Each structure stands twice: as structure tokens, then as C-alpha cells.
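Work through the exercises below with the structure in view. Each task is followed by a solution in steps.

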Amino acid sequence: METEEIMKYTPLSNRSLLRLTGKDCFELLQNLVSNDLKPTNEGKAVYSALLTPQGKFLHDFFVIAWKDALYLDVLAERKDDLIRRLTMYKLRADMTIEDVSGSYQVYALFEGTPEKTDDNKQFLYPDPRLPQLGWRLIAENGSQPASIATAEKVTLEDYTAHRLALGVPEGGTDIVPEKNFLLEVNFEELHGVSFSKGCYVGQELTNRTKFRAKIRKRLLSFTYDGDLSIGDGIFLDGKEIATVTTFQKPHGLALTRLEAWRKIEAENPTLEPAGLVLAKPEYVVLPELEDEKD
């Protein structure tokens, strides 16, 4: 007889919550961010990003419609920059941005199915990036979320290990602001970009990258039992073919040249540092290289 898997949860101390109110907030955000926000009208969370006009990554976040407002689950250390940029675009629009992090706690739940509840002091939703990531929960401080009542509390490092084992990046840590393009860092497969919603900041270059197959690098995962730092290189035949963006032993992410990855797939050569194993996350779909096309 199989034993039921015990769900794990952790408070995400690295996340903050912003509340957007006003009659123009949905339309304004819809015209700024990379994904279509219409599913929020059906009670679904949306994963999205704010880009530079040149199509480079700035911020990623989850958008939730709850209690007659839009809530953004964002990286805590970069929330002030996001508020500043949204305020810059706001102009005369009817939108108020509040940092409500002191009133709410954001949780990650994984390796199990949480108990759903109609408690209006919490909002539980499946992680829209990847089903294997589990669920996220927003709960008012002081409330007792039924969703985690019987779950095992673990650390943020435990959740990060779970996420990195799946090869899923997060902005501001694994995705570098003002450097990476969305499609390099697997945003399409993680359901963070729409190619049909219409205009948004950075759309032109994102669409051109998609439809003209201009991607030359992708974020892949690796395992390694030694020591590595962000920015370290991974080498094949003496040439650097990838750069480490994240590492929490033994899992990491590296921005990798696709041409080199094709050779690794075909020949399984030894990489440097010795013992490092580079892999394509299961959810990632790699495009054909130009010389592979008819």
C-alpha cells in the first residue's frame, strides 16, 4: 500500500506583495507586461515580466486578482525598483501602488496537494509556471491557513533546491536584469509571455526573437559536487560554452550556447570543471539551429 506524500511548505522570506488599485490598473498593467492578464478575471494567477523597451528583462512577478485589487508577488530586494518603474508609466492613470508586505505572508507549497478553503483571508493558487513546482499561498498575517495545517515546514533553501532540480529560474537571482532576453531564460515554456495579446513594452524584439529563430543561448541546468560561483565558466575542449547564473550545491543553472549543447547531446564529452553534468530541463523545448533547417 502506497503512503500518501506529505506536502511541504515554506514562508518565502525573499518575496514581497504589492497591491494595485484604481479603475485603470488592469488596463495599464496589461499594456506594460509580457503576458495576457485576462485569466486573472477567472481567478487564475498569471506569471509575467516587465521588460526594457529593447526587450531585456527587468522584473518578473505573479499577478493575482483578489479583493477588488491586483496583487503582485515580487522579489523583495527589487520591489522598490519595480514600484519606481510602474509609477513612471502611471502618469495620470487612476492607479495606486501600495507595498502591503507587512500585512501578508507568501508561501510556497510543494510535493503534495493542499487542502482548499473558502477563507477570504488567504488566496491559494497553482504555480502557473510549471505544475511540478506546486502551489503558492498568500495569507493575511495572524491567520491560520488550513492549506498548510498538516504540511511539513521546510526552509527556503529546501524550496530553492526543489526549484533548481526542475531547472526553473527566478528573476533578479537567476535572470539578470537588463541583460537577459525572455526566450533565453525559458519564459515561453514557463508560460510567462503571450504572442497574441497585443502590444507591451519590449514586445517587438521578443516577437522578432521568437519568429526569426534568433536564440543562440538558453538557460540549462547542471549538477556538480564541487564549488562554483556565479559568473564562473563551463568549458568544452578549452572553450567556454556556458556561464553559471545560479548554484546551490549540487544544482545550478547556466546560460549555455545552443551550438555547444548539440555537441554535448550527440557526443557526451567531458566538461570542465570535471564532474559537472549539464542537462536540458524536461520542460524546455529547444529550437532547431539554422544549419539544421532544410
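**Exercise 1.** Find which residues Thr-206 touches, not counting residues up to four places away in sequence.

Solution. Start with the location: Thr-206 lies in helix α4, where helices (H or I, at least four residues) and strands (E, at least two) are DSSP runs numbered from the N terminus. Next, list the contacts, meaning heavy atoms within 4.5 Å. With residues up to four places away in sequence left out, Thr-206 touches Leu-51, Gly-55, Leu-183, Val-193, Phe-195 and Tyr-200. Last, check the accessibility: Thr-206 has 4% relative accessibility and therefore counts as buried. Buried means under 20% relative accessible area, exposed over 50%, and partly exposed in between (1.4 Å probe, protein chains only).

This is a predicted model, in which local features need pLDDT of at least 70 and side-chain atom pairs count only at pLDDT 80 or more, while totals for chains, interfaces and linings use all residues. Residues are numbered from 1 along each chain as its sequence is written, and side-chain values use heavy atoms, with hydrogens and water left out.

**Exercise 2.** State how many salt bridges a search of the whole structure finds, then describe the one between Asp-99 and Lys-79.

Solution. A salt bridge is a side-chain nitrogen of Lys or Arg within 4 Å of a carboxyl oxygen of Asp or Glu. The search of the whole structure gives 23 of them. In one, the side chains of Asp-99 and Lys-79 meet at 2.6 Å, N to O. This pair links distant parts of the chain, 20 residues apart: Asp-99 belongs to strand β6 (residues 96–99) and Lys-79 to helix α2 (residues 79–90). Asp-99 is partly exposed at 37% relative accessibility, whereas Lys-79 is buried at 18%.

**Exercise 3.** Explain why Arg-85 and Asp-81 are separated by about one helical turn, and name the network that includes them.

Solution. First, the bridge: the closest N and O atoms of Arg-85 and Asp-81 are 2.8 Å apart. Second, the spacing: the two are about one helical turn apart because they sit four residues apart in helix α2. Third, the accessibility: Arg-85 is buried at 15% relative accessible area, and Asp-81 is buried at 18%. Finally, the network: salt bridges link Arg-78, Asp-81, Arg-84, Arg-85 and Glu-178.

**Exercise 4.** Locate the partners in the salt bridge of Asp-174 with Arg-163, and decide whether they are buried or exposed.

Solution. The closest N and O atoms of this pair are 2.7 Å apart. Asp-174 is in the loop between α3 (156–165) and α4 (203–211), and Arg-163 is in helix α3, so placed that the pair links distant parts of the chain, 11 residues apart. Both Asp-174 and Arg-163 are buried.
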